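Please consult the sequence and the structure shown here.

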Amino acid sequence: MRIPCPYCGARSSHEFAYLGDAAPTRPDPSAPDAAEAFHSYVYERDNPAGPMDELWYHSAGCRRWLKVTRDTRTHAITAVAFAGTGEGGR
Amino acid sequence: MSRYSFLSLIANALNGQTGWKPAWRDAAPKPTYDVIIVGGGGHGLATAYYLAKEHGIRNIAVLEKAHVGSGNAGRNTTIIRSNYLLPGNEPFYEWSMKLWEGLEQDLNYNAMVSQRGIINLFHSDGQRDAYARRGNAMRLAGADSQLLDREQVRALAPFLDFDNARFPIKGGLMQARAGTARHDAVVWGYARAADRLGVDIVQNCEVTGFIREGDAVVGVETTRGAIRAPKVGLAVAGSTSRLTRLLDLRLPIESHALQAFVSEGLKPLVPGVITFGMGHFYVSQSDKGGLVFGGDIDGYNSYAQRGNLPVVEDVAEGGMAVMPLIGRLRMLRAWGGLVDMSMDGSPIIDVGPLPGLYLNTAWNYGGFKATPASGWCFAHTIAREEAHALNAAFRLDRFRTGHIIDEKGVGAQPNLH
Amino acid sequence: MTRLVDGGLIDRSRTLSFAFDGKSFTGHPGDTLASALLANGVRLMGRSFKYHRPRGVVTAGSEEPNALVELRTGARREPNTRATTVELYDGLEAASQNRWPSLDVDVLSVNRLVSPFLGAGFYYKTFMWPAAFWEKLYEPVIRRAAGLGRAPDAPDPDTYEKATAFCDVLVIGSGAAGLAAAQAAGRSGARVILAEEDFRLGGRLLSERAVIDGGSALDFVARAEAELSSLPNVRLMPRTTVFGAYDGSEYGAVERVGDHLPAPLPFQPRQRLWRIVAKRCVLAAGAFDRPIVFPGNDRPGVMSALALATYATRYGAGAGANAAVFSTNDHAVAAALDAAEAGLKLDAIIDVRPALPDALAARAKALGVRVITEGEVVATSGKCLTSITVRTPRGSETLTVEALGVSGGATPNLNLTCHLGGKPVWREDIAAFVPGAVPPGMAVAGAAAGTFALADCLAEGTRLGASAASDAGFAASPAPAPQAEGSPTGFKPFFHVQGKGSAFVDQQNDVTAKDVALAHREGFRAVELLKRYTTLGMATDQGKTSNMAGLALMAELTGKGIPATGTTVFRPPYTPVALGVLAGHHRGIDFKPARPTPTHEWALAQGAVFVETGLWMRAAYFPKPGEKDWLESVNREVKATREAVGVIDVSTFGKIDLQGPDVGVLLDRVYINMFSTLAVGKARYGVMLREDGLVMDDGTTARLADDHYVMTTTTANAAKVYQHLEFCLQVLWPELDVCLASVSEQWAQIAVSGPRSREVLGKIVDGLDVSNAGLPFMGVAQGSVMGGVEARIFRLSFSGELGYEIAVPARHGAALMQALMAAGAPFGITPYGVEALGVMRIEKGHVSGSELNGQTCARDLGLAKMASTKKDYIGRVMAGRPAFADPDRPTLVGFKPVDRAARLRAGAHFLKVGAAATTQNDEGYMTSTAFSPTLGHFIGLGLLKRGPERMGEKVRAYDPVRGGDMEVEVCSPAFIDPQGEKQRV
């Protein structure tokens, strides 16, 4: 599998570290339902069979965290951007 | 349906093997059952078998979307062992070992359980002490374990690299009762035995939806029509999220690809199972002579049932590092399982989370060895509406309460377990 | 000898000697081991797996199931090597396998006598009585008999390489379609790789008498090869098997660099693994000759008709003194006639069809080859083939032949199209599966796609080669395809002959037509179940030739037809791949890189004993002459440090440089304690959690300036913590203005500890005030040492003594160590290793990797009081879950043996005294132990249920795996200087 890093170009996936689903966002820790929200954030996953936005870290490259849109059935990658800011998309 | 016996074998040798009947009925689904088990792999079939045998519930359907054993039950490395560390896990896996030890007589089917031992190699004092902790935990649970020094390992596996290794072998933790079983035969044995107790094994029957009454699950929609039952158990490993999505449930699991490999057939070389933790490599030798080996998961969510080259290379590197005489032996076949990795690396066998629904999932890369105990405990959980002491720790709400069972200590990241 | 009098692509001017089972033979360059054996009249080449049936070669390619040999000897022995793919070299040694005492006389062929018992799946029904006999008797016997060849005796002496190649168009296979595709793509200027598993380009063209562009097929191959060689953008890779298709248009291939030589040349690998990243791929892998299942079809001498022809035409080898062909199709008939023209004595063609096309019938007549139409071979005889029985509607007759070529038609070689999950689809018009969904970027040309006529193969190859190049961005000029004469492609679907006697479907695994029927009878009808129950297609050839026949037999039994019965999916690798080449250089000492510290050479010179710490090599201890064991050395190092001064390289700790106005905010969010309030010039111990509330790492972080901090992490977690911080900055809080750099390798860091350490340090600093007032405990000084070397001096203590860590640019690390040793000589400065470091930290009760094991929370380690309640930080919310506050949780305490002479061991579990040894009674375990030379007995740290409430209690430390079972006393984890006075002096 090759990941088109916005900085480094298409590189083998073994240069990257995987974190998982990019959808969960860190909840407000001061909210009254923070315990439940954090449980969901840390543990619960949609685990879709199909396109999924996910976080990869180019550990052996530019050290940028990327948001990669990849189909979990075919491994086909359709979009990549820097995580967090969404810049550098391609 | 006849038992397998000396007499039946001789009779069929004389009649050209024409006296055998189908090993199990190819059942058509009835409209209602007492219990529906979704998933015709080892865990689902074992659950049905123990429901019928231990709990007297015989009006059971096992629904399988393809044919029995077409998922992970036929895509693993066939290892059985109970060398776990944590108190939530070890008694369960030790019960599984005990069920393996009596399986052939129980099922009247030779699953080729072969207790030739497992050795987890260690390479430092720290690893030795960590394995001592584990070995002691095993003893506390009534399992067998031995801490071997370097020379004891050498005596058992002289072909390992003791002299030129980047991480010299200092010893190993051995469980002599561990070993392998013939994975397909386990599936077929449970299928045949469950069928003999009246269980309907319905193949080519894919679940496409759930029938609800209020919150409760009261049946399933399938490609072969609606089937109702007051109790629906899921035993579908990496496909669990696909089904629970239909119920708007999000679970602490991810589906990942785990590759495994077999070499060409060889005369006996490897005595039991050997694992090499400084790389990602473990190996055993099948009854047919192939070296069966594997390593790490590919590391990203996947439903593709296949993996990529970097992991193949990583596994081979681990193999060559620890067993350098395998360089000229050849990898014959690679396959990929769709494993249900959980957030703490440990399984879930639980009532709920909806009325009428029962979960059996999160087997990570280790579901095969659990097959008998998983079925046994899941059957108990379904029949009695509560967990057995052996699976009491495998609750879904442990992630809420913090009673996580993390053998590796890597945290809530499934691909690291 | 059955070498034909002339012809073939072998160099008859040179003779090569080789040995098979110790007997000497000769062959020629261009031969394979199989062709040379056939040319020497050797037809018996192997034994089957289950019944040990005598077997001969059945193919001329990598799909061979029977002719498997042990090639070479000793450490270079290669079991299960297909004789059909071994290039003959002078001095080659091969041996048959899976037989005893010899290939000719194999005792285990008695298995055949009990074969009525040994039908498919017999294992599963038997060996269960009595219960104990399976493991003790039956299974060991089965295991001993199982397997084919023997593994080598010793580590592989050869080397392997890995490489990555990038191209626009990868063409796999160099037959007619592949050559045409490579030409069309290559002419466009696209970067083309043409991979061919054979040692010659040409594929079937090397064996056939076709006419292309008015010349011979061999002329066409030579012209194409010359043109492709001349194109700088084309790379020809013979002896290279593309074994797998992977995601991202990546292909795995093995180049056999030295396998055709007795041993690889100096400085050359035996094989090279290629990862080929190709924008487009044209698969032109050809087709397999399909066997026909008939009684006696496994006798040595019976083989594929195309193989029979190839041996005659390409290798000048007769498969027997005379031969017949049993066919269903024009291609096989034409190939047989080519063989006859090449000099093979072909007595008869037996074809299942009512008539051959006129042209072929005329050719046969001209060559004097008898044609038997509507014929079926129904029996064979001889240990190696001596005769066949042919049945026609007109009666039966027996023909005396030594070789029989069999062809049931063509099975496209679509293996690689399945690797990404594509399923083949059935084409009724050619009675064959053809590629269905193919991997992205792949196109399939020629016989692999079910295109069989030579002219069509050339046209399709040209078309797909050009379109692949244009898809990759090159303007492919529409050059005309090479032209070939029409070749007849008539056939009749025909899979098996009804009749008595064993008819083999999978020859290597001895699966017969009866076994398929038994699987059907017992309900193992799905193709995957059929395969697993009978082992059909699971041999070293993975059913390349046998799967189709098995499927056809099952389809006949179910009556559902072949497409509804299914097909098995091929997985990588296409042909078996040596594990050595997949590992490359990563073996032995080079398995993983070794990271030496900046003082490694110095430590080596001091006689240090090293230990692997992750990838680092660290000094464990520094033995001195006369010391009897490691413990004596370690005790000396500890005492010297506690009483005078010691020195250790701590460069392996992770170091992260953080700069920017928001560093303090970031650190407050990742550590449980406060860092934004840390004064410039001060360091603080910090603990960070994972978001799930468990401890991730600890270490000290120093503030060098308002907007500049430097963090230390544990050695083990350096990369993990860095990745975590980048996650926080890039994903969680991109609004924070912080820049990070890992500087672990840029700074050497050396700890000087002990009551005399200040005096030592004072001698090497360039005018820095290192007095207790000038550089107090947890203070940081920046300046220079050794006359101008930039340095950071941290007054930290892991040992509990007065101590400093001095950081200098890594290139000065060794010099710093030498300067410290010189400065400390008057005080008896002693280098110590990680063993002594561990002893001292346990004496102080500091946690380390054994306690920071990912299963502990801050409270477990007695660190909860550090947590700030004034802020949020990662892990705070989840650390509040009920289980983490459970007072029953095992919590860190110290332990002393009640018998002070006893040895404590980490890994022992704690039980109440008198409690039974059960999981229920398990109260925790010992995490770390050491012999304390300061106290004169062993001490330990451990996690004990309600530990801090149980000071002074005696508990049982249970360690059955090492025969340990003793009472230990619970105590404070701080064994010495609990108030920390020594480090503050």
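Across the interface of chain A and chain C, the rule finds 9 residue pairs in polar contact, both residues at pLDDT 80 or more; a polar contact is a pair of N or O atoms within 3.5 Å, where within protein one must be able to donate a hydrogen and the other to accept it, and residues adjacent in sequence count only if both atoms are side-chain atoms. The model is predicted: local features need pLDDT of at least 70, side-chain atom pairs count only at pLDDT 80 or more, and totals for chains, interfaces and linings use all residues. Residues are numbered from 1 along each chain as its sequence is written, chains are lettered from A and ligands numbered from 1 in the order in which they are written, and side-chain values use heavy atoms, with hydrogens and water left out.

**Interface of chains A and C**

- α1(A) gives the most to the side of chain A that touches chain C, with 7 residues.
- That side of chain A comprises 14 nonpolar, 5 polar and 4 charged residues.
- The rule finds 2 salt bridges across this interface (a side-chain nitrogen of Lys or Arg within 4 Å of a carboxyl oxygen of Asp or Glu).
- Arg26(A) forms a salt bridge with Glu691(C), their closest N and O atoms being 2.5 Å apart.

**Largest cavity**

- The largest cavity is lined by 47 residues, and Arg182(B), Val262(B), Ser286(B), Lys288(B) and Met538(C) lie nearest its centre.
- Its lining divides into 16 nonpolar, 19 polar and 12 charged residues.

Notes
Helices (H or I, at least four residues) and strands (E, at least two) are DSSP runs, numbered from the N terminus. Ala, Val, Leu, Ile, Met, Phe, Trp, Tyr, Cys and Pro count as nonpolar, Asp, Glu, Lys and Arg as charged, and the others, Gly among them, as polar. On a 1 Å grid over the protein atoms alone, a cavity is a set of points where a 1.4 Å probe fits but cannot get out, and a pocket is an open set with protein on both sides within 12 Å along at least five of seven lines; lining residues have an atom within 4 Å of a point.
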